[in-house]
Amino acid sequence: MTVDIIIPTYNRAALLPETLKSVQSQTYTDWRCWIAEDGESQETREAVKPFLADNRFIHLPGRHAGYPSAPRNRAIGQGTARFVAFLDDDDLWLPEKLTRQVEFLEHNTACVLLGANAFRWDGIGPKEGAPVYHQKISFGLIPYEKLVQENIFIISSVMTRREHLIKAGAFNEGLAPPVGEDYELWLRLGALGEAWMLADPLLIYREAASTYYVKKMDRATKYQLRAGIYSAALQGTPDIPSPLAAPAKKHYEDLCRAERDFYRAGPRFMDRFRRTVSRKLKSIVAL
């Protein structure tokens, strides 16, 4: 198989079959889909059962962790495919999604992180005419400077190479709280090569309430959470040192450290003002 598809799922038996049908409808057919359940339930087992007649689908229940990085890593460890694609259990792929991304990666060997635009759907109204998720970003090659400022990659759009995922260290199961695990991985992956975003929507992002960790946070808490994501990216996973620690990646490391320190300082207006002015001055000097 060329592509391992990683779907973590928990308590989504009503939505999961439509997601799996979108996988089955892919024009690219050389894939294996790992349905990595966070725990084990009869409802999920029944939802998955009709798809198991297609031996490309594998149901992989396991210990309940309460966050998706654990089942994702469990599935990644089971797979062997050259490419790895991520899909949340409530999102839907358009038929050409895998074809377009495999073709891109085969022709762009420096790319280590590939995403795509999406349609944003409320899960209630018709899918037709749903607005585009990203309307104001620049597509194509995403500089690391941009990646470190904002997470523009929808996890259900991302495909990468297994070799790079191994080098980066996969998902970090030690984040506390377990929020932002996708962005933290992108920061490590992005240090290994190029990050690209395809402008065409290749999936439907369902705006459903998260099944996992959800908690209302004040602004100060959000800043500390963001600082924790940068700290984890700088440190790496327990088994794999962060690619940002390599001497050749010092510029990227410095960018992450600066973002970490800014968010550690908290949501202070003057800090933000000084930071914005500093960036503008640096861009002027660079001209």
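Select α7 and α8: they cross in a right-handed way (right-handed if the near helix is turned clockwise from the far one by less than a right angle, left-handed if anticlockwise). Before going on, note that this is a predicted model, where local features need pLDDT of at least 70 and side-chain atom pairs count only at pLDDT 80 or more, while totals for chains, interfaces and linings use all residues. Residues are numbered from 1 along each chain as its sequence is written, and side-chain values use heavy atoms, with hydrogens and water left out. Helices (H or I, at least four residues) and strands (E, at least two) are DSSP runs numbered from the N terminus.

α7 and α8 pack at about 40°, their axes 9 Å apart. Axes here are lines fitted to C-alpha atoms, for helices over the stretch in contact, and angles run from 0 to 180 degrees between N-to-C directions. That angle makes α7 oblique to α8 (under 35 degrees is roughly parallel, over 145 roughly antiparallel, 65 to 115 roughly perpendicular, and the rest oblique). To see the contact (heavy atoms within 4.5 Å), show Tyr183, Glu184, Leu187 and Arg188 on α7, then Arg226, Ile229, Tyr230, Ala232 and Ala233 on α8. By class, that contact has six nonpolar, no polar and three charged residues. For the classes, Ala, Val, Leu, Ile, Met, Phe, Trp, Tyr, Cys and Pro count as nonpolar, Asp, Glu, Lys and Arg as charged, and the others, Gly among them, as polar.

On the α8 side, the contact includes Tyr223, Gln224 and Leu234, and on the α9 side you'll find Cys256, Phe262 and Tyr263 among the residues. The contact of α8 with α9 divides into seven nonpolar, two polar and six charged residues.

## Next: an enclosed helix

Move to α3, residues 69-78. How many of its 10 residues are buried? Seven are, so α3 is largely enclosed by the rest of the structure (buried means under 20% relative accessible area, exposed over 50%, partly exposed in between, with a 1.4 Å probe and protein chains only). Select Ser69, Ala70, Pro71, Arg72, Asn73, Ala75 and Ile76 to see the buried ones. They pack against β1, β2 (31-38), β3 (57-62), β4, α6 (162-168) and α7 (181-189).

Now zoom in on Arg72, which is buried at 4% relative accessible area. Leaving aside residues up to four places away in sequence, Arg72 touches Ile6, Pro8, Asp88, Ile155, Phe171 and Glu181.

## Then: charged pairs

Side chains of opposite charge can pair when their charged atoms come close. Count a salt bridge when a side-chain nitrogen of Lys or Arg is within 4 Å of a carboxyl oxygen of Asp or Glu, and the model has 18 of them.

Start with Arg12 and Asp89, whose closest N and O atoms are 2.6 Å apart. Arg12 sits in the loop between β1 (3-9) and α1 (16-24) and Asp89 in the loop between β4 (83-86) and β5 (92-93), so the pair ties together parts 77 residues apart in sequence. Both Arg12 and Asp89 are buried.

Next, pick Glu18 and Lys127, a salt bridge at 3.0 Å, N to O. Glu18 is in helix α1 and Lys127 in the loop between β6 (111-121) and β7 (140-142), 109 residues apart. Glu18 is partly exposed at 29%, and Lys127 is partly exposed at 30%.

Most residues other than glycine have a negative phi, and most peptide bonds are trans.

Ala170 has a positive phi of about 55° and is buried at 14%.

Finish at Asn11, in the loop between β1 and α1. Its phi is positive too, about 60°, but Asn11 is exposed, at 61% relative accessible area.
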